[in-house]
Amino acid sequence: MKRKDAFPFRDERSFPNLLNLSIDETDLRILKLLSENAMRSHKEIGELVHLTGQAVGARVRKLEESGIIEGYTVRVDKTRLGLPLTAMVTVFLKSSDAHEGFLSFATNDERVEEIHRVSGEGCYWLRLKVENHERLTDFLDGLLRYGNYKLSLSIGLLKRE
């Protein structure tokens, strides 16, 4: 049975894939615990949400099969790996023909961590991690083949999901 109060969203119509599933508060707590540390065992999670490890495993499988859990990953502190600069770049393509070339350029560059297609100002938003200003400048020089950009540098990470 679906419970309206189980959804932490104001407008459930924005999330039609969730409405077809029976997601409850326990599922949301499991997702939060896995988001904090995906290495937690089902048994440990079960103790925190008052279920058996086997019951947690069944719920996790349901969340995986539904596509809510897309995968598991490791958060890496790139600063400790020698990548201290975080740059956010808004990209303004010079023509509609530039999209394919730009996407190839950006997706194949290891400095690019995220690419978002955006509405409003610009066409794309990128997040980069680089060793130094020289490597950032090299990327930006290559980007000029496809259009222009607006650059912002992070001066400190305040929250990470």
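The model is predicted: local features need pLDDT of at least 70, side-chain atom pairs count only at pLDDT 80 or more, and totals for chains, interfaces and linings use all residues. Residues are numbered from 1 along each chain as its sequence is written, and side-chain values use heavy atoms, with hydrogens and water left out.

**Helices α3 and α4**

Helices (H or I, at least four residues) and strands (E, at least two) are DSSP runs, numbered from the N terminus. Helix α3 spans residues 42-49 and helix α4 spans residues 53-65. They pack at an angle of about 100°, and their axes lie 7 Å apart. α3 is therefore roughly perpendicular to α4 (65 to 115 degrees counts as roughly perpendicular). Axes are lines fitted to C-alpha atoms, for helices over the stretch in contact; angles run from 0 to 180 degrees between N-to-C directions.

Contact means heavy atoms within 4.5 Å. From α3, H42, K43, I45, G46 and V49 meet G53, V56, G57 and V60 of α4. The residues of this contact comprise four nonpolar, four polar and one charged. Here Ala, Val, Leu, Ile, Met, Phe, Trp, Tyr, Cys and Pro count as nonpolar, Asp, Glu, Lys and Arg as charged, and the others, Gly among them, as polar.

Which residues of α3 are buried? They are I45, G46 and V49. They sit on the same side of α3, because they cover an arc of only 105° around the axis. The arc is that of the directions from the helix axis to the C-beta atoms. These buried residues pack against α2 (25-36) and α4. Exposed K43 and E47 are on the face turned away from the buried side. Buried means under 20% relative accessible area and exposed over 50%, with partly exposed in between (1.4 Å probe, protein chains only). Just after α3, H50 takes a positive phi of about 65°.

**The sheet and its helices**

Four strands form an open sheet in the order β2-β3-β1-β4, with antiparallel pairing. The edge strands, β2 (112-117) and β4 (147-153), each pair on one side only. Two strands pair if DSSP finds at least two bridges between them. Neighbouring strands are turned by 20° against each other on average, direction ignored. β2 and β3 (residues 124-130) run antiparallel, joined by five bridges. V112 has L128 in β3 as its bridge partner.

Two helices contact this sheet, as tabulated.

| Helix | Strands touched | Angle |
|---|---|---|
| α6 (residues 133-143) | β1, β2, β3 and β4 | about 155° with β4 |

Conventions. Angles under 35 degrees count as roughly parallel, over 145 as roughly antiparallel, 65 to 115 as roughly perpendicular and the rest as oblique.
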